[in-house]
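Open the model in your viewer and keep the sequence panel beside it. The stops below are given as selections, each followed by what is there.

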Amino acid sequence: MSSLGEAKGVEVVKVTDDHTYQLNEDALRMILLRDEVKDLPVVVVSVAGVYRGGKSFLLDFFLRYLKAPPSSRDSAAWLGQEDEPLTGFIWRAGCDRQTTGIVLWSEPIVTRFNDQKVAVVLMDTQGTFDNSSTVRDSSTIFALSTLLSSIQIYNLKENIKEDDLQHLHLFTEYGRLACDDDDEAAFQVLMFLVRDWAYPYQHAFGAEGGEELLIKRLQITNNQHAELRELRERIRSCFKSVSCFLMPHPGFVVSEQNFNGQLADIRIEFKEALRDLVPSMFGSRNLVPKKINGHQIKTRDLFDFFKTYVNIYNSEELPTPVTILKATSEVALISAIRDAREQYEKRMEMNAGAKQPSVPDNVLEDQHKRTVLIIRQSFESKKRIGSQKDAKEHIEKLITELEARLQHYLTLNKAKLQKAVVDAKQAYDDAVQKVTKGEPLCLHPLDLDSLHNKAVDAAADLFDNNRRTPDKESDPERISLMKHLEGNIKDLRLKNDYNNKVFISEARKLYETLMQKHVCMGSCVSDELLQNCHRNALKKAIGILKSHRNIPTNHSEDKYISSLQESIVEEFQKFRSANNNANKIAIQAAVYSYNNHMTSAWGPPSSCFHPQDLTTIHETNKALALTEFHNSRNTTADYDGDDGDVNEQKLVELLSRRYSELKEINSASNDMAVADSYREYCRYMDGKCKPSVLSILIVPWLVKVIRRLPDYHKEGKNAAWDYFRSKRRNYSYRSDDSYRTDLESKLEDGFHEYCHPLNALTREFGI
């Protein structure tokens, strides 16, 4: 709705040149139907009376009070500063009229009345009986303001005159008709506000003096004309409250052209009267919300009454009290139907609206029936809202409308139920996603069950917050939802099992990759190193599986980790078997290399070594064999050493055993070399010294042999040593050579043996 701009007085009823009445509906709509006030009870304060009577001037003091902070209303501070100009409704000094038609303040003022918010509407009216208005114009404006206001301030000059009372005749007649069937008054508050009261010595300024004057003017006596008595009786009966307030003159400075309303120029008596009058009308306990036919109306209802009353006063003839009563009843009926409809909507919205939880359909239908019964009873309790026939037709039509409206709430309820179910399912998914965080579902089975239970609880709690039912455990919709949610665990277990197995496969591949770095084709490691690699790879494999877990588990037994360990143990057996085979091959290759090197160093099979040389060659070739064995090993593993390597120990044992065999062979070869060398000595000596039959008879030969025997021994010995050295590999003289010593001993013994027969011959022949 568009704005009227800065707050000001806006003419809503205009008296045209042809003396008809034009309602400015757009302006009235923007004043009364604005969102912040349209549903509030409305207080309408009107000031009506003779023109140039200071009505607009007075209304601006009302505005000043209503706009003042509540804390300042209990003192005189609301009146403002002494030099503050008076603004609001337009007014001016002079003898010509200022206000025409009916003027409303463009912004209803929201204040409190008995702890409830109300909207206060201030109404200024065209002065009666000026030189431009007809009697009908004056009567119409006065009638409209009285019919529409909850507080009618009858602004009079100097006194209450009989003519002033006669202007109320129409309303007393209307009041009589309206009150025929009810004791409640047709109108609410009528205040005679006597301006420029000049007789305070008779009746004091203010409400007390006003009451004295009012009693006097409304007094009924026996000698009065019947019409005058009836008028006075009806004034009292058709207004709930009738009062009078006597105002002093504000001071003659207000008549000056340059007067701007500042307090400094106003008489003290007038300001004191304002301090009494205004709070008595607008205090939080003194406001009077507008009622029509005994029913409090809202600000928006005032819009309809404006339209209705202006229309009937635009007829060719002045409306009668009957016409006004009928029109009022018709608008009241429409308003009552609207209130009933809104009451239904309010109650249904409060229990089944878009912002409320869904309910079972039977609960909603029961709520609908109770609400329809309540509004029917409330409607039927209202009086003076049209004829009984019209009222019945309207309420039955409304009930039919509300039955159709129930379908809207049923549809809305179904949509809320569907949304509650969708939201609950989403809450379940969100609870799972909160744990998985976008990663594949991978949990310990017991952790998965716990997550599922928490997700079900979260979904159920959200559903229960969006669902209102007498017994949730028997709610079929909730039962269906819970069955669906409980069914989710099957899918979750399948996903969890699949993902755990996928990550077990990944972990096993990691294990294989790590192990293959150490145990690959043609390489091997020690058993201890293999075990160490296995433990490290197993730890990393389990770690990779655990790293894929959405949350760490506190459960000691884990079938997936156990499955991984079992599969890795099987895989390890394969690696260990392969490593054992590789170690066997490496040992065989090292032994083969040792044998080749020893064979190469040995030479002919009959050769032999000094035992120390054999040991040296053995140690050299053993070192070469171990080096070759180590070179076949994978040394990339993170391991400090191979102390206690059984495979190396096995190799060393094989080499030692082979060395022992070679030592025996070498010992036998050395023995053979000694024996063969001695035989070589003996062959030589035999060739030189062994006598024949003929040579024995030849004395000179014998003598020669005997004499040269030492030389033959030396020569035969050299031949023996040459042969021995030919059998020895890397021969060098060593004092600790037992085989040389043995040969030396044999040669000496042999020499003596050769000497013994010759000595016999010498003795025999006397040589």
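Leaving aside its neighbours within four places in sequence, which residues is Asn583 in contact with? Select Asn583 and show what surrounds it: the residues in contact are Cys524, Val525, Phe629, Arg633 and Asn647, where contact means heavy atoms within 4.5 Å. Asn583 is found in helix α16. Asn583 is buried, with a relative accessible area of 0%; buried means under 20% relative accessible area, exposed over 50%, and partly exposed in between, using a 1.4 Å probe and protein chains only.

Before going further, note that this is a predicted model, in which local features need pLDDT of at least 70 and side-chain atom pairs count only at pLDDT 80 or more, while totals for chains, interfaces and linings use all residues. Residues are numbered from 1 along each chain as its sequence is written, and side-chain values use heavy atoms, with hydrogens and water left out.

**Whole chain**

Zoom out and colour by secondary structure. The chain has 21 helices and 11 strands; helices (H or I, at least four residues) and strands (E, at least two) are DSSP runs, numbered from the N terminus. Of its 767 residues, 46% count as buried. The accessible surface comes to about 39300 Å², and 50% of that belongs to carbon and sulfur atoms; these areas come from the Shrake-Rupley method with a 1.4 Å probe, and for residues only the protein chains shown count as cover. Take the contacts between residues at least 6 apart in sequence: 78% of them join residues at least 24 apart.

**Helices α16 and α17**

Select residues 559–602 for α16 and 611–631 for α17. The two helices pack at an angle of about 150°, with their axes 9 Å apart. Axes are lines fitted to C-alpha atoms, for helices over the stretch in contact, and angles run from 0 to 180 degrees between N-to-C directions. α16 and α17 are therefore roughly antiparallel to each other; angles over 145 degrees count as roughly antiparallel, under 35 as roughly parallel, 65 to 115 as roughly perpendicular and the rest as oblique.

On α16 the residues include Asn583, Ala586, Tyr594 and Trp602, and on α17 they include Leu614, His618, Lys622 and Phe629. By class, the contact of α16 with α17 has 13 nonpolar, five polar and two charged residues. Here Ala, Val, Leu, Ile, Met, Phe, Trp, Tyr, Cys and Pro count as nonpolar, Asp, Glu, Lys and Arg as charged, and the others, Gly among them, as polar.

**On to α18**

The axes of α17 and α18 come within 11 Å and cross at roughly 155°. That makes α17 roughly antiparallel to α18. This crossing, too, is right-handed. Among the residues that make the contact are Pro611, Leu614 and Phe629 of α17, and Asn647, Leu651 and Tyr659 of α18. The contact of α17 with α18 divides into 10 nonpolar, five polar and three charged residues.

**Helices α14 and α15**

Select residues 476–516 and 527–547. The axes of α14 and α15 come within 8 Å and cross at roughly 150°. The two are therefore roughly antiparallel to each other, and the crossing is right-handed. Residues that meet here include Phe503, Leu510 and Tyr511 in α14, with Leu530, His534 and Leu538 in α15. By class, the contact of α14 with α15 has 14 nonpolar, two polar and two charged residues.

**Ile337**

Select Ile337, in helix α10 (residues 321–352). Is it buried or exposed? Ile337 is buried, with a relative accessible area of 7%. Leaving aside neighbours within four places in sequence, Ile337 is in contact with Phe379, His394, Ile395 and Leu398. Ile337 and Phe379 are 42 residues apart in sequence and 7.6 Å apart in space, C-alpha to C-alpha.

**Two loop residues**

Most residues other than glycine have a negative phi. Select Glu158, in the loop between β7 (151–157) and α4 (162–166). Glu158 is not a glycine, but has a positive phi of about 75°. Glu158 is partly exposed, with a relative accessible area of 48%.

Finish at Asp196, in the loop between β8 (187–195) and α6 (207–217). Asp196 has a positive phi of about 55° although it is not a glycine. Asp196 is buried, with a relative accessible area of 14%.

Definitions and conventions:
A crossing is left-handed if the near helix is turned anticlockwise from the far one by less than a right angle, and right-handed if clockwise.
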